[in-house]
Amino acid sequence: MDVEGHLLNVVDVEATCWEGQPPPGQVNEIIEIGLTVVDLRAGERTAKHRLLVRPARSEVSAFCTELTGLTPAEVAGGLSFAEACRVLARDHRAGLLPWASWGDYDRNQFTRQCRRTGTAYPFGHRHTNAKAAFTASYGLRRRPGMAQALRVAGLPLEGRHHRGDDDAWNIAALVVRLAGRGDWPAAS
């Protein structure tokens, strides 16, 4: 357990998506989970992880592949959603460590998908909306997307945008920047 309270999991998910509405019978499902561990005390990103998740009630569309780079064949070899949640809890201490995501989409998608599939929610209650913290820190009127926030902060976009592990890595860079400014909320 993180007794000093200085470790944070930054999570970003990619989900099945379509150019318009989902085809009949299909729903948005998580297909990739990116997780970066941040040591807030040291002010650095310490680990980058990626879990591929096999969709059960949807297919990866051509639009989704274009956006994320994830192919149907690639995610077909992923873990089941339930197993991915167990890996998060067991290997990444998701239920013990505070966590953050860019906005509330990721938290809400996990909540919906866990409820829909009867899977135990892998995270604890200590979640921070990094987009809201960034917006407050920089005194912005509107909440920016992650790529725009990187530009505002003067940080590079590393890797591929809309890739779970790369987006988590980039969000973690923003978290480190906020912590360095004294603007990262203390874990409750």
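1. Helices H3 and H4 pack at an angle of about 125°, with their axes 11 Å apart, where an axis is a line fitted to C-alpha atoms, for helices over the stretch in contact, and angles run from 0 to 180 degrees between N-to-C directions. H3 and H4 are therefore oblique to each other, since angles under 35 degrees count as roughly parallel, over 145 as roughly antiparallel, 65 to 115 as roughly perpendicular and the rest as oblique. H3 passes H4 in a left-handed crossing, a label used if the near helix is turned anticlockwise from the far one by less than a right angle, with right-handed used if clockwise. Helices (H or I, at least four residues) and strands (E, at least two) are DSSP runs, numbered from the N terminus. The contact, meaning heavy atoms within 4.5 Å, is made by Phe81, Cys85 and Leu88 of H3 and by Phe110, Gln113, Cys114 and Thr117 of H4. These residues divide into five nonpolar, two polar and no charged, where Ala, Val, Leu, Ile, Met, Phe, Trp, Tyr, Cys and Pro count as nonpolar, Asp, Glu, Lys and Arg as charged, and the others, Gly among them, as polar.

2. A word on the basis of these values: this is a predicted model, in which local features need pLDDT of at least 70 and side-chain atom pairs count only at pLDDT 80 or more, while totals for chains, interfaces and linings use all residues. Residues are numbered from 1 along each chain as its sequence is written, and side-chain values use heavy atoms, with hydrogens and water left out.

3. The loop between helix H3 (81–91) and strand S4 (99–101) holds Ala94, and Arg93 is found in the loop between H3 and S4 as well. Ala94 counts as buried because its relative accessibility is 1%, whereas Arg93, at 29% relative accessibility, counts as partly exposed; buried means under 20% relative accessible area, exposed over 50%, and partly exposed in between (1.4 Å probe, protein chains only). Arg93 also has a positive phi of about 50° although it is not a glycine. Most residues other than glycine have a negative phi.

4. Ala94 and Pro122 are 28 residues apart in sequence, yet their C-alpha atoms are 5.9 Å apart in space. Leaving aside residues up to four places away in sequence, Ala94 touches Asn9, Leu88, Ala89, Pro122, Phe123 and Gly124.

5. Helix H7 has 17 residues and reaches 24 Å from its first C-alpha to its last, close to the 24 Å expected at 1.5 Å a residue, the expected span being 1.5 Å times one less than the number of residues. H7 is mostly covered, with 13 of its 17 residues buried. H7 is followed by Gly182, whose phi is positive, near 80°.

6. Helix H5 (residues 130–137) and helix H7 (residues 164–180) pack at an angle of about 40°, with their axes 11 Å apart, and H5 and H7 are therefore oblique to each other. H5 passes H7 in a left-handed crossing. On the H5 side the contact is made by Ala130, Ala133, Phe134 and Ser137, and on the H7 side by Ile171, Leu174, Val175 and Leu178. By class, this contact of H5 with H7 has seven nonpolar, one polar and no charged residues.

7. Helix H6 (residues 146–153) also packs with H7, at an angle of about 40° and with the axes 10 Å apart, which makes H6 oblique to H7. The crossing of H6 and H7 is left-handed. Met146, Ala149, Leu150 and Ala153 of H6 make the contact with Asp167, Asn170, Ile171, Leu174 and Arg177 of H7. By class, the contact of H6 with H7 has six nonpolar, one polar and two charged residues.

8. Met146 lies in helix H6 and is buried, with a relative accessible area of 6%. Met146 and Trp102 are 44 residues apart in sequence and 7.0 Å apart in space, C-alpha to C-alpha. Not counting residues up to four places away in sequence, Met146 touches Trp102, Leu157, His161, Asp167, Asn170, Ile171 and Leu174.

9. His125, in the loop between helix H4 (105–117) and strand S5 (127–129), is exposed, with a relative accessible area of 69%. His162, in the loop between H6 and H7, is partly exposed, with a relative accessible area of 30%, and its phi is near 70°, a positive value in a residue other than glycine.
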